[in-house]
Amino acid sequence: MSDYLDGQLSQKEQQAIKEHLAHCPECFTLEKELQTQRTLFQNAKQQEVPLGLWQSIQNKIIAERLAQESNKNAGILWRLRELILAPKPVFALSSAILAIILIATFTGGIVQRKKSFVKANFGESILDYSLNSPRDDLFSTLGTNIEEYFL
Amino acid sequence: MQDITVDILERACQGDIGAFEQIYKVTSSFVYNVAYRITSNSADAEEVTQDVFMKIYHNLKGFQFRSAFKTWVYRITVNTAINRYRQSSREIKERIDYDGLIESLPDSCSTAEGAIGSDNQEKLNLLLEKLSMEYKVCLILREINGLSYQEIAATLKIPINTVRSRLKRARQALLERARKGLIKDEM
């Protein structure tokens with residue numbers, strides 16, 4: 001009967017049910033009840049969509065788009081900041097090497113200067129020692145001894 | 001529901017708000033009415049309608065045109081409305097004692113015929129409320145929104161024969177309810 005009401009049967013089946021309904025009071029009553037039920041649904045007023053609904057949906061969409069835009073901008077700034085501030089391995093390595101070179105250059109210069117200073121002082125001190133030493137036994141003894149030996 | 005052209009859909013996919021408004025104009029009445037009948041509540045129906053259109057907006061780019069756009073909207077609507085109804089029922093378990101309300105209705109409303117004569121919005125909701133959700137949804141789509149068996153089957157992703165049997169059982173259940181009302185009146 002449900003299929004009959006919905007027009008889901010073939011013409012032949014539809015016709016057969018019509019004929020049956022004409023002779024069967026029980027099925028006729030059932031059909032009437034189902035038709036009444038259907039009218040109840042069909043008479044149900046279609047509800048009007050609230051007027052402001054589109055506006056609130058549109059506002060939501062706009063708010064979402066704005067949020068996405070600001071997120072995108074924030075994303076760009078953040079990436080830029082990371083690029084500048086974040087310790088990238090290459091940057092870290094190159095700055096470490098640079099630091100080592102600088103330290104090596106400065107400390108190397110100082111050591112060299114210190115060495116040459118020490119050398120110069122040593123030479124001077126020897127000369128000083130040999131020239132001004134009150135006891136020139138080093139030269140005199142050596143020379144004297146050999147000379148004495150050969151002589 | 002009118003058909004929506006591919007051009008409008010494509011423009012809406014690209015973010016054209018005007019095209020999306022056209023989609024809203026064509027589909028909103030269906031969405032709101034199905035939501036209203038499933039949730040039996042205008043505030044919930046409004047919320048469901050908003051959710052449905054936000055879901056359409058978010059997923060429009062992913063719509064593959066494998067199924068009809070209408071069917072896609074039907075499916076989103078039914079699922080969102082059912083979820084909302086269940087959520088509301090959980091939140092306010094004893095919001096309305098429907099049995100009590102039906103019994104307190106005037107005598108003329110105990111039968112379907114009685115309900116037709118007066119404002120039958122609430123009564124229809126009350127009758128639908130007595131059905132299980134699967135019967136209720138089938139009946140709403142068929143009787144109130146006029147969907148074909150094929151469209152209901154595609155929307156609910158069930159075989160046509162299941163649609164047929166659910167409609168039959170739903171109508172039977174409503175008739176039994178109306179008859180019980182008659183017997184009660186006679187007593």
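Reply: As a starting point, pLDDT is the predictor's confidence in each residue, from 0 to 100. The model is a predicted one, and for the complex the predictor gives an ipTM of 0.73 and a pTM of 0.65.

Me: Which element of chain B has the lowest mean pLDDT?
Reply: Chain B as a whole averages a pLDDT of 80, with 78% of the residues scoring at least 70. Among the elements of chain B, the highest mean, 93, belongs to helix 3 (residues 42-59), and pLDDT stays under 50 over residues 113-118 of chain B. The lowest mean pLDDT, 47, is that of helix 6 (residues 112-117) of chain B.

Me: How many contacts beyond four places in sequence does the model have for residues 99-111 of chain B?
Reply: Over residues 99-111 of chain B, pLDDT stays under 50. Where pLDDT is low, the predicted coordinates should not be read in detail. With that caution, the number of contacts beyond four places in sequence that the model has for residues 99-111 of chain B is 19.

Me: Are helix 2 and helix 8 of chain B roughly parallel or oblique to each other?
Reply: The axes of helix 2 (residues 17-39) and helix 8 (residues 133-144) of chain B come within 10 Å and cross at roughly 140°. An angle counts as roughly antiparallel over 145 degrees and as roughly parallel under 35. Helix 2 and helix 8 of chain B are therefore oblique.

Me: Which residues of helix 8 of chain B make the contact with helix 2 of chain B?
Reply: Helix 2 of chain B contributes B:N33, B:V34, B:R37 and B:I38 to the contact. The residues of this contact divide into five nonpolar, one polar and one charged. From helix 8 of chain B, the contact is made by B:V137, B:I140 and B:I144.

Definitions and conventions:
Residues numbered from 1 in each chain as written. Chains lettered and ligands numbered in written order. Predicted model: local features only at pLDDT ≥ 70, side-chain atom pairs only at ≥ 80, totals over all residues. Helix = DSSP H or I, 4+ residues; strand = E, 2+ residues; numbered from the N terminus. Contact = placed C-beta atoms within 7 Å. Axes fitted to C-alpha atoms, helices over the stretch in contact; angles between N-to-C directions. Parallel < 35°, antiparallel > 145°, perpendicular 65-115°, else oblique. Nonpolar A, V, L, I, M, F, W, Y, C, P; charged D, E, K, R; others polar.
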